[in-house]
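Please read the following report alongside the sequence and the 3D view.

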Amino acid sequence: MASLQGVFGGVCWLLLGAFMVLDFAPRSSMADVTRRSSAEVSVNTPAGAPQHQQHTHREPVDPPGASDRRAANAGAPPGQAEGGHSWRNQREKRGAERRGEEEKRGAERRGPARFPDGQSVSEIQLSSSSFSLFGDSAHNQAMVYWTGYNSSVILILTKLFDFNLGTVTDSSLWRSLDLGSSYEKLNDRLDSRLVLSYLYVCPSNQKKILLVSDPEMDSSVVVSSDEGNSFHRFSISFTIQSLLFHPSQEDWLLAYSQEHRLYFSEDFGRNWKLVHEGVSPGRFYWAVSGLDKDSDLVHLEAQDPSGMLLRYITCLAGSCAESRKFPFPGRIDGGSLVVQDDYVFVQVTTVGPTKYFVSYQRQPFQNIQLPKYCLPKDMHIISTEGQILAGVQQWNENDTYSLYTSDRHGIYFSPALTYVRISRSVAGVLNMDAYKVAGVSGVLLANRKQGGRVRTFISFSQGQTWRLLTPPATERRCSLPSCSLHLHLRMSESPYSPDSIISTVYTPGLVIATGTVGSELTNHNTRTFLSSDAGNTWRQVFDEERRVWFLDDGGALLAITGALVPIKHLWVSIDEGRSWLQYRFSLSPLFVDGVLMEQDTHHHIITIFGHLSHRSDWLLIKVDYRSLFDQQCASEDIQTWPLLNQGEPCVMGQRQIFRKRRPGSRCIQGRRHLKLVSSEACSCTPYDFECDYGFERQSDGRCSPAFWYRGPGKGTNCTSGQTSGYRKVVSNSCEESVEDHFSPRMHQCDNTAPSGVRLSTAHRDLTARPHTNITFLIHTHQASSAGLDVQLDLGDGVCVSLSVLSHAPDSMTHVYTHTHVYTHTGIYRVAAHVRNNLGAADSQLFLHVTTPVEQVILSTPRVLLLGQQTNLSALVLPDTPKTAVYYWWIDNSTEPVVTLEGWLFIRFHRLGLAHVSLQVSSEGVVRQDSSVIRVTEVFRSMLLGFSPNLEEHNPAIPEWREDLARVVMATISQVIGLSPDWLLVYVFPGPPTTAEVFLLSPIDTNSSQTHTHQSPPSDVSQWLEKMSQVLAHALNQNWVEFLLSPEVRITAQLANLGPASQEVRSGRLPGVSVLLLFLSVAVLGVLTFLMYRFKRSLPWIQVQSDEPQQKGSDEMDGGRQSVSSAKVSTESSSPRTSLNHSSPIRALECGLHPSADLKTTHGAVRAAAGKTQHHLPNCTTV
């Protein structure tokens, strides 16, 4: 958002009347004044110094081959380009010959100076002198500055900027004590090795100057308090990117560093202290007098203390951390803060359309209200003089913007003119083809692009009515509306060249511009035009495009031709361009790079600087035009003139008469004579009013409600402030008659039921942080506040009754406010209940109180049975219930499983390693944790404890537990002779330190190596039983021990935390689903019951079932014997396990039935016809 500040850093360098543009868009760079400051002319010039006039060397038109040679040597130090001095002598000789040829060709090409018919031109004699800055021919940039009030001192900093390196490699500081007649090089007074980058002059005391060294060479500042007579150098610990002077305190400075830090100095650069970190470039402002209580207050756009959000911050420069405040309750977009006059602007981009906010005179921020279907893509502020004039790019516009005007508070906007042309500068700054004439209220010019044509329109009513410009009277073939005058409204890229249109407050009504006459604006056949009555009528002053400046505050005019050809003449007019005096300021044609005009001085001096050739030194020519005037203006030298709009004397609601110097009078007018003489109020007309918000201008001039507007209009029965559809234009002084009353009518309202209740937060967001103030707003429409009961349920058990009442700016809405603090994260339902004896209305919202995720801990089993359901869970710090989103990435899945809870039930159906990653997102912050699960068909596990001395060496971090698990596994592998591939050890977090060791199936691990004395048997179950007994025996004998350090020996033993170690196998039955198995068992049970119940009445069934029944009895006896023997075996070894027995239902979920006859062979489960061995599967594993 390029700012519209007329005073940026206490800037006194301001060409009044310029259309200054404030850009809300975050993508824009931060040059706050559209009328170019030095920041926008030269690379890396500080944005905080628009008064420092820096010049980028313009490339002249060279003969064939010269441009290429210059480009090849761009940036070369003096004396090192193409052979140094020997080449330079030859160059001067060739240059002199070439200049003569160029001058001759240029004169033939241009011919005599072209003026309108009948305009006289005569030669004059002025005093002038020239001075060449020897040795600076290679320098391609210059900063020229007048110092002091009525001072004769001029300072010039020339420098060589290497565009390839992006830095200054050489510099020279020059000073003149005689208004530019001669210059002295000051490098000898400074360190000869010091390379200077920027020159600043204090706006409140121009005798004080500050120079900044190039950071690539040295990081320091050089200050002078006597216009360069003496200097003091101070080293600094940061790199200055821009400076901002205080508007009234001459020693107070703000410095912005390349590291995005803001520093404060209260002794003119000698000492610095940090104000704030994370500050946006150019988004810092001093206090505005009359609005901010403390003169050392600073407005900042910077990151909040958490470093996560950009906020609008105010604080005292010397103690920012202790005095920090947040005037806007919420985050803002980067590059959107602008503090200008009575207004503060910010913007906030969310999922929906961008929202723009304004604070008037430091009041609470309000959402800017544009027409409902404007749907803005971008917004720029053009002027803030009593109201806001803005450019808005509507949804159906691409290369144009529309002009809008606001009420005094800057909240409600109405359209003024659509399809205004835009352009962008080389630096990317947006320029709107709109111009505000200086010195006369309400006069606007704009170029409208419609139907492929660009035409210039003028308004004398602050944008309420527009018309085409009247062509000069000499254009007899041009008549409205098919033909008119069209003007270029471009802003200059250089502070040394004028804009294409200029005006001044010191000579109201005088406007000079370049343009064309015809059906549309073109870039060819451009001429120069002048208006003496604020744009009402125009006349041509040059038959070509000229650069024109005001002399003597508009008492005289200076004109030169374009910059692409060398010149040696200038033209001066003292009768508003009716006649011109020609003066030859140089014997040889000069490529004019710029003209420096004195400011606030009684000297009548101009300085022209440029080059005789593209290789010559800088040449400065001083011209004294005092001889044009012979006396101070007397009463007979002054005349009056009325402000008219096509003959209509009432402009902005009044008849105005101005006075000015009589054209042709050779007198110095000064500023005391240039003012409004008299004004008389007129009766109001509809065009003295702009259509209020929600109303549109009709063809007859009346304002009618837009189709989308639902607010109270003229026919509404009652509101506390009924709008008539009109809003008086700011600065309009018309008087309203009784029978034609346009202003809103105010009268007492009858009590009605509440309606239009709307609950919102002050910052319009539905998110907040714990322990921060959240302000809720309750808007009620039309209902009187008398007898109104307003209740606010905050959703956390607190309910309040509100009585704090304020009126919204539209006077149709009551607003109740309440501030609350939530201490815990969560989603809160906030409800507003508004009631009176006639009815009730409610509104609610859901507030997300969240905090960024700092850590995620994923909890998963380390070993899992094939097909077994398990619960994956996560611990999130800090706790964010129902406000975080969980993304579960399982193995090589291309899409995650998304949940709002920190747990997930899942089954794995593939043997081997399963990779699980969890990402948790909250407030735009994402944290991740991962885990690996081994999926197998059978395993054994035991819990391990350690000797007590381990606890004092446990730092309680994951990395230490992983290293301990690795050491324990290696020790067990060595003690029992088992391959590490068949082991897995997991150390649990928290004291006391415990671990779980898993014995895995060698078939599942796919290991081809073994460290046992014999290969595992085909019966994996028996092999796991044997190895678990071996491990239990080793642990009981304290054979599993290791050195934690040379002095610390740790012993592992079985943890006495549960029953004996159990074998765990998967419940996968090949080809049989769990559901079919369950149904089969149920049917079989029913049939068995029926056969047993009726076997005596069915002899044939009894006979057929005798043998199977006996066989079943034998199998059951064998089964009990097997289980009994297995129990004795496990109790004798006394191992402990962390696994719990499962119920038959959970066994069915894992694919097993507790009474099924099963046998394990190398991990495969099958039905057994003979001896049966029963196992109790475990479906939950720690």
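The report below takes the sheets in turn, then the helix pair and the residue.

This is a predicted model, in which local features need pLDDT of at least 70, side-chain atom pairs count only at pLDDT 80 or more, and totals for chains, interfaces and linings use all residues. Residues are numbered from 1 along each chain as its sequence is written, and side-chain values use heavy atoms, with hydrogens and water left out.

**Sheets**

An open sheet of 5 strands runs in the order β65-β71-β70-β67-β68, and its pairing is mixed. Strands (E, at least two residues) and helices (H or I, at least four residues) are DSSP runs numbered from the N terminus, and two strands pair if DSSP finds at least two bridges between them. The edges are β65 (863-865) and β68 (897-899); each has a single partner strand, so one side of each lacks a neighbour in the sheet. On average, neighbouring strands here are turned by 30° against each other, direction ignored.

Another open sheet has 3 strands in the order β64-β66-β69, with antiparallel pairing. Its edges are β64 (855-859) and β69 (903-907), each with a single partner strand, so one side of each is left without a neighbour in the sheet. The twist from one strand to the next averages 20°.

| Strand pair | Bridges | Bridge partners |
|---|---|---|
| β70 (residues 912-922) and β71 (residues 925-936) | 11 bridges | Ala 914 and Ile 933 |
| β66 (residues 869-877) and β69 | 5 bridges | Asn 871 and Phe 905 |

**Helix pair**

Helices α4 (residues 958-976) and α6 (residues 1020-1036) have axes that come within 10 Å and cross at roughly 105°. Axes are lines fitted to C-alpha atoms, for helices over the stretch in contact, and angles run from 0 to 180 degrees between N-to-C directions. The two helices are therefore roughly perpendicular, a class that spans 65 to 115 degrees. Ile 972, Val 975 and Ile 976 of α4 meet Met 1027, Val 1030, Leu 1031 and Ala 1034 of α6; contact means heavy atoms within 4.5 Å. These residues divide into 7 nonpolar, no polar and no charged, where Ala, Val, Leu, Ile, Met, Phe, Trp, Tyr, Cys and Pro count as nonpolar.

**Thr 775**

Thr 775 lies in strand β57 (residues 773-781). Thr 775 is partly exposed, with a relative accessible area of 24%; buried means under 20%, exposed over 50% and partly exposed in between (1.4 Å probe, protein chains only). Leaving aside residues up to four places away in sequence, Thr 775 touches Ser 760, Thr 761, Ala 762, His 818 and Thr 819.

Technical notes. Parallel < 35°, antiparallel > 145°, perpendicular 65-115°, else oblique.
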